[in-house]
Amino acid sequence: SIRRPSSNLPTHAMEERKLTTPDDVLTINIGGKKTTVKRSTLTQVPESLLAHMFSGRWEQRLDRDEDGHVFLDFNPVFMFKILNYLRALRISPVDHPPSIPVIDQEQQNDFDGLVRYLGLENQLCVPTSTTDKFSLTYSGITIEREGASVRQLSLGLAWASAKKVVSMGKAVWKFRIDSLPRDGWIMAAVINAHAAPSSESFSCESCYGWGCRSMVFVQGEYQKFSAGWVGFQEGQECEMEVDCEGKRVTLRTFGQHYHIPLRSSGPWRFHVNLQDAGSVVTLL
């Protein structure tokens, strides 16, 4: 049976509340399934519901089971995935967060609903793919297929940018390298929406992205350490995600995730730098 303690806290409960520490190990009953978890794991995302519930201020007012453990009336399968993500998040570098849990498609909306209820949408909700088209070009690029594709017409660096401007939340662009000549070079990135067009946009101080030959650019500067990135190839499909609140841009391809921290402010557009005649990139 579930009981709700009185809001009139006895003296010993008030004293106990003051003794809570981040290292406390808590046993929680989630929909009839019990688990143990550190308080610091539950409270690491500021302003989330879990951070408020287990801050130590309100714990004595939470529902309890017959053994006195906090009872959460949530789907235990969903919650265990969320807790495992939070455990991984606690020990992950800022620029390499853990992968979002995989959920059956028919349950994704329910899972996302719980994530939003808990205030964890910036960490755990799968962003909606951004429907976009190329709209701006500079120096030798032509737009094809009603904005879906761009093609480089001649040898020499050229630039193209998508229309969508993202200033808050998360957005994802899906794209494919439709044509890449041998030894050719392409860069895909996000760039400040107000950046001036340039054939060498990779060097813009608001450019963050990935190029052929293991190249990674942060604020327009080439990075010597690529974290395993080797470059693009013809036919490759990718997803690029910008997270405005998390200040991070992510490239997903071939089952791998690559991350770059954003060190400057948006708003952001997706853009590409092409170098070789016949290179084609398509937004999906």
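Student: What links K174, E239, E241 and R252?

Tutor: K174, E239, E241 and R252 are joined in a network of salt bridges, where a salt bridge is a side-chain nitrogen of Lys or Arg within 4 Å of a carboxyl oxygen of Asp or Glu. This is a predicted model, in which local features need pLDDT of at least 70 and side-chain atom pairs count only at pLDDT 80 or more, while totals for chains, interfaces and linings use all residues. Residues are numbered from 1 along each chain as its sequence is written, and side-chain values use heavy atoms, with hydrogens and water left out.

Student: What makes K174 and E239 a salt bridge?

Tutor: Their closest N and O atoms are 3.8 Å apart, so the pair meets the distance criterion. K174 belongs to strand β8 (residues 170-179) and E239 to strand β13 (residues 237-243), so the bridge ties together parts 65 residues apart in sequence. Helices (H or I, at least four residues) and strands (E, at least two) are DSSP runs, numbered from the N terminus.

Student: Why is K174 called partly exposed?

Tutor: Buried means under 20% relative accessible area, exposed over 50%, and partly exposed in between (1.4 Å probe, protein chains only). K174 has 34% and is therefore partly exposed; E239, with 24%, is also placed in that class.

Student: How many salt bridges does the structure hold, and which one involves K38?

Tutor: The structure holds 12 salt bridges. The side chains of K38 and D23 meet in one of them, at 3.8 Å from N to O. This pair links distant parts of the chain, with K38 in strand β2 (residues 33-38) and D23 in the loop between α1 (11-18) and β1 (25-30), 15 residues apart. K38, at 31% relative accessibility, counts as partly exposed, whereas D23, at 55%, counts as exposed.

Student: Is R39 buried or exposed, and how do you know that?

Tutor: R39 has a relative accessibility of 6% and therefore counts as buried. The side chains of R39 and D24 meet in a salt bridge of 3.1 Å, N to O. R39 lies in helix α2 (residues 39-42) and D24 in the loop between α1 and β1, so parts 15 residues apart in sequence are tied together.

Student: Why is A51 called buried?

Tutor: The relative accessibility of A51 is 12%, so A51 counts as buried. A51 is found in helix α3 (residues 49-53). Leaving aside residues up to four places away in sequence, A51 touches L42, T43 and V45, contact meaning heavy atoms within 4.5 Å.

Student: What puts the buried residues of α5 on the same side of that helix?

Tutor: In α5 (residues 108-117), the buried residues are Q108, F111, D112, L114 and V115. They span an arc of only 160 degrees around the axis, which puts them on the same side of α5; the arc is that of the directions from the helix axis to the C-beta atoms. The face turned away from the buried side carries the exposed N109, D110 and Y117. Among the elements covering the buried residues are α4 (76-90) and α6 (121-124).

Student: What makes a set of residues a nonpolar core, and which residues have the most contacts inside the largest one?

Tutor: A nonpolar core is a set of buried Ala, Val, Leu, Ile, Met, Phe, Trp, Tyr and Cys residues joined through side-chain atoms within 4.5 Å. The largest has 46 residues, and F175, W210, F232 and F270 have the most contacts inside it. Strand β9 (residues 186-192) gives the most to this core, with 6 residues. Another core, of 27 residues, lies apart from it and includes V37, L83, L118 and L124.
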